[in-house]
Amino acid sequence: MSSKRENTHQGRIVVIEDEPDIREVVVYNLLREGFDVVAMGHGHQGLAEVQRTPPDCVLLDLMLPGLDGIEICRQIRADSRTARVPVIMVTAKGEESDVVLGLGMGADDYLTKPFSPRELIARIKAVIRRGHGQARDPDTDGPEQVEIGPLRIDAGRHDVRIFGEEQRFTATEFRLLYFLATHPGRVFSRDQLIGRVIGDGAIVLDRNIDVHIRSIRKKLGEARDMVETIRGVGYRFSEIEG
Ligand code: CA
């Protein structure tokens, strides 16, 4: 175990999980992988820890004493200091509807129990990479500035304005919006969007793309129709709003 310790400073993870056995396994595997870890078993304490020192990623159980995962996620996103911290929701089987709710609240990804340590590490590294990355498509290295109708994106600064108003997007939403907006008029299937935007072999169900798109549309407000649904196919970014 100690031989792995040179592999440090992968990032700091806050684990909010009330089941001691799962918490122990998760913490063990994260430490072994070189992450700094703080683990909490209570919702309020977990949120307080995230707010005290915003980490590189939060692993957030759904059902918790005190505050539940959905509410914690909402509060993380609502606070400018923590709004961009990647959040991975952890759920038990049969809580899929809560997953959709969690993604709607701005969670970046989710894991269903039981999950393997390997899957856990892969997901965490993926959301951290996406969060740190310039959110630009590394393959095509798109433009720094995008201006379409009322939408302005500054990719380097991760800044989005709609009718001049700043609007906050999660890392995943930002990548989706940026990708669509830099390929206006082209139709992409959900699979293509998963491959191009979510990437890294993440297992994402079709409907989760729909959840991210729904959230993006909500934030676009009056410009929401710029993201068009192409029935039976996927999505297209339209140059014309409304
Ligand atoms: Ca729980």
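## Exercises on a predicted model

His158 sits in the loop between β7 (151-154) and β8 (159-162). Keep in mind that this is a predicted model. Let's work through it together.

**Exercise 1.** Describe the peptide bond that joins Lys113 and Pro114, and say where Pro114 is found.

*Solution.* Then place the proline: Pro114 lies in the loop between β5 (109-112) and α5 (117-132).

**Exercise 2.** Work out how helix α2 (residues 43-52) and helix α3 (residues 69-78) are arranged.

*Solution.* Step one is the geometry: the two axes come within 10 Å and cross at roughly 20 degrees. Step two is to name the arrangement, and the crossing angle makes α2 roughly parallel to α3. Step three is the handedness, and α2 passes α3 in a right-handed crossing. Step four is to list who takes part: α2 brings Gly43, Leu47, Val50 and Gln51, while α3 brings Ile72, Gln75 and Ile76. Finally, sort these contact residues by type, which gives four nonpolar, three polar and no charged.

**Exercise 3.** Which elements and residues line the largest pocket?

*Solution.* Begin with its volume, about 450 Å³. Next, look at the 18 lining residues, of which Gly104, Met105, Ser215, Lys218 and Lys219 are the closest to the centre. Two or more lining residues come from each of α3, α4 (96-104) and α8 (206-220). Of these, α8 gives the largest share, with five residues. To finish, sort the lining by type: six residues are nonpolar, five polar and seven charged.

Definitions and conventions. Residues numbered from 1 in each chain as written. Predicted model: local features only at pLDDT ≥ 70, side-chain atom pairs only at ≥ 80, totals over all residues. Heavy atoms only, no water. Axes fitted to C-alpha atoms, helices over the stretch in contact; angles between N-to-C directions. Helix = DSSP H or I, 4+ residues; strand = E, 2+ residues; numbered from the N terminus. Parallel < 35°, antiparallel > 145°, perpendicular 65-115°, else oblique. Left-handed = near helix turned anticlockwise from the far one by under 90°. Contact = heavy atoms within 4.5 Å. Nonpolar A, V, L, I, M, F, W, Y, C, P; charged D, E, K, R; others polar. 1 Å grid on protein atoms, 1.4 Å probe; cavity = no way out; pocket = protein on both sides within 12 Å on 5 of 7 lines; lining within 4 Å. Points joined across faces, edges and corners; volume = space filled by probe spheres on them.
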